[in-house]
Amino acid sequence: MGKYWNEEIECMAHEDMKKLQSERLVKQVKHVWDNVPYYKKLMEEKGVTPDDIHGIEDLHKLPFLSKADLREAYPYGLLAKPLSECVRIHSTSGTTGKRVVAFYTQHDIDLWENCCARAIVAAGGTKDDVCHVAYGYGLFTGGAGLNGGSHKVGCLTLPMSSGNTERQIQFMQDLGSTILCCTPSYAAYIGETVKEMGIKPEELTLKAGIFGAEPWTEEMRHEIEKLLGIKAYDIYGLTETSGPGVAFECEAQSGMHINEDNFIAEIIDPDTGEVLPEGSKGELVFTSITKEAFPLLRYRTRDICILTREKCSCGRTLVKMCKPMGRSDDMLIIKGVNVFPSQIESVLLKISKASPNYQIVVDRVNNSDTFEIRVELNDDMFSDTVKSIEDLEKKISNDIHNILGIKAKIRLVEPKSIPRSEGKAVRVIDKRKLV
Ligand code: ADP
Ligand code: ZN
């Protein structure tokens, strides 16, 4: 099997890759034009037809697609294949009311799993490995993606899902897990639990970890590597583009190679939409050129990033993206879940007794996220009984849990105690230090 999962593609000369991308783009544009009325309309509004697209040099002529389009078209509006040919859906974690649902044909699942297989092989995985998948299984893409990739490589796959940490560690010891796949915060938590249980890293058989789905720092990488005695690799993706495996890290551990045979990456100015030259910092935009059921063209990820095409010591020629450096919208990722401040506001506005003055405080303690919402009481409420204040706290807490799927610590604070700002309200205090 060697060093690469698909050497021909992973080490393809850039000129050849451009040719391949161009051919696939032309085909894909025709496919969405013919099959997705929503897309056809967007293209018509921009005055572009498939005849205008001859290759990647024409990509900039196509309209952008955003999360708002996905919500508007929910659930079937962007589907480009008959439902009878789809075999699976996945969905993003916690978005207001309408989730984003992505559809897959068997062909799409194969492409995706091959992307994940590339990531596993780049982390040193072979068929002799025991791949311990502790990403969540279910609608979330993490578990299914790495599970599928692991099967393709031929690893013995442990479909653990997340949670029950002591049992995870027990399995790791009993079955000799060699590769751990999960979110970086869960990896750190497993590492700390290993330490608390008095197990030394060298007593485990782990050699590598593939961690993603949320931002993490170099310091966190070093800590996880030390705690578990492994090499930790980053992996990137989003539900809209299949899931994890859009980009993966190699042995150089300095940026993630984008699977350019499946995705064309662009960097744009988030304010003007102008395409920026390679090496610039801006918003990452992906066009999926191989997916058939849910092929998004020029999808704005909102992730801020830089692309580089310097020669990589691993031999791959696929362009590299840096760790996402932030977002161009106000989305937070807390405990791996996408959280928009507007979701919290909508909960508070429905509860008449809570004033919509609130602040979200996020921090990272012992490598896991803490999530607190400070809600200001109004004057009437402040003089209420302790019991009714407790009830209010409970109600907010339940409503937040229902909408986001994660728990927040609710702190009710005195009227007028949240600082007023003269400009934009400071709704979010994110104390986690990122790149
Ligand atoms: P997933 O199911 O992979 O969590 P979502 O669609 O819920 O996908 O979230 C995708 C977002 O998660 C990305 O746009 C990005 O902001 C973030 N993300 C995914 N992987 C990484 C990573 N390795 N580093 C930083 N952020 C990441
Ligand atoms: Zn490399």
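Four donors count as tetrahedral if all angles lie between 85 and 135 degrees. Donors here are N, O and S atoms within 2.8 Å of the metal. The model is predicted.

**Exercise 1. The zinc site**

Task: List the protein donors of the zinc ion (ligand 2), and assign the geometry of the site.

Solution. 
- Step 1: Collect the donor atoms. They are Cys250 (SG), His257 (NE2), Cys312 (SG) and Cys314 (SG). Their distances from the zinc ion are 2.1 to 2.3 Å.
- Step 2: Check the angles. Among the 4 donor atoms they run from 103 to 113°. The site is tetrahedral.
- Step 3: Read the spacing along the chain. The pattern is C-x6-H-x54-C-x1-C.
- Step 4: Cys250 has 0%, so Cys250 is buried. Cys314 has 1%, so Cys314 is buried too.

**Exercise 2. Strand E2**

Task: Decide how strand E2 (residues 101-105) is covered, and find how strand E1 (residues 86-91) runs relative to E2.

Solution. 
- Step 1: Count. 5 of the 5 residues of E2 are buried.
- Step 2: Sort by direction. Val101, Phe103 and Thr105 point one way; Ala102 and Tyr104 point the other way. In a regular strand the side chains alternate between the two faces of the sheet.
- Step 3: E1 and E2 are joined by 5 bridges and run antiparallel. Arg88 stands opposite Tyr104.

**Exercise 3. Helix H6**

Task: Compare the reach of helix H6 (residues 141-153) with the expected value, then judge its burial.

Solution. 
- Step 1: H6 has 13 residues and reaches 18 Å from first C-alpha to last. That is close to the 18 Å expected at 1.5 Å a residue.
- Step 2: 11 of the 13 residues are buried, so H6 is largely enclosed by the rest of the structure. Among them are Thr141, Leu146, Asn147 and Val153.
- Step 3: Look past the end. Gly154 follows H6, with a positive phi near 95°.

**Exercise 4. Ligand 1**

Task: Which residues are closest to ligand 1, and which side chain lies 2.6 Å from an oxygen atom of ligand 1?

Solution. 
- Step 1: 20 residues surround ligand 1. The closest are Thr141, Asp234, Ile235, Thr239 and Asp303.
- Step 2: The side chain of Asp303 has an N or O atom 2.6 Å from a ligand oxygen.
- Step 3: Asp234 has a side-chain N or O atom 2.8 Å from a nitrogen atom of ligand 1. A polar side-chain atom of Asn338 is 3.2 Å from an oxygen atom of ligand 1.

Technical notes:
Residues are numbered from 1 along each chain as its sequence is written. Chains are lettered from A and ligands numbered from 1 in the order in which they are written. This is a predicted model: local features need pLDDT of at least 70, side-chain atom pairs count only at pLDDT 80 or more; totals for chains, interfaces and linings use all residues. Side-chain values use heavy atoms; hydrogens and water are left out. Donors are N, O and S atoms within 2.8 Å of the metal (3.2 Å for Na, K and Ca); water is not among the atoms, so sites may look incomplete. Four donors count as tetrahedral if all angles lie between 85 and 135 degrees; four count as square planar and six as octahedral if opposite donors are over 155 degrees apart and all others between 65 and 115; anything else is irregular. Buried means under 20% relative accessible area, exposed over 50%, partly exposed in between (1.4 Å probe, protein chains only). Helices (H or I, at least four residues) and strands (E, at least two) are DSSP runs, numbered from the N terminus. Two strands pair if DSSP finds at least two bridges between them. The expected span of a helix is 1.5 Å times one less than its number of residues. A residue is near a molecule or strand if one of its heavy atoms lies within 4 Å of it. A polar contact is a pair of N or O atoms within 3.5 Å; within protein, one must be able to donate a hydrogen and the other to accept it, and residues adjacent in sequence count only if both atoms are side-chain atoms.
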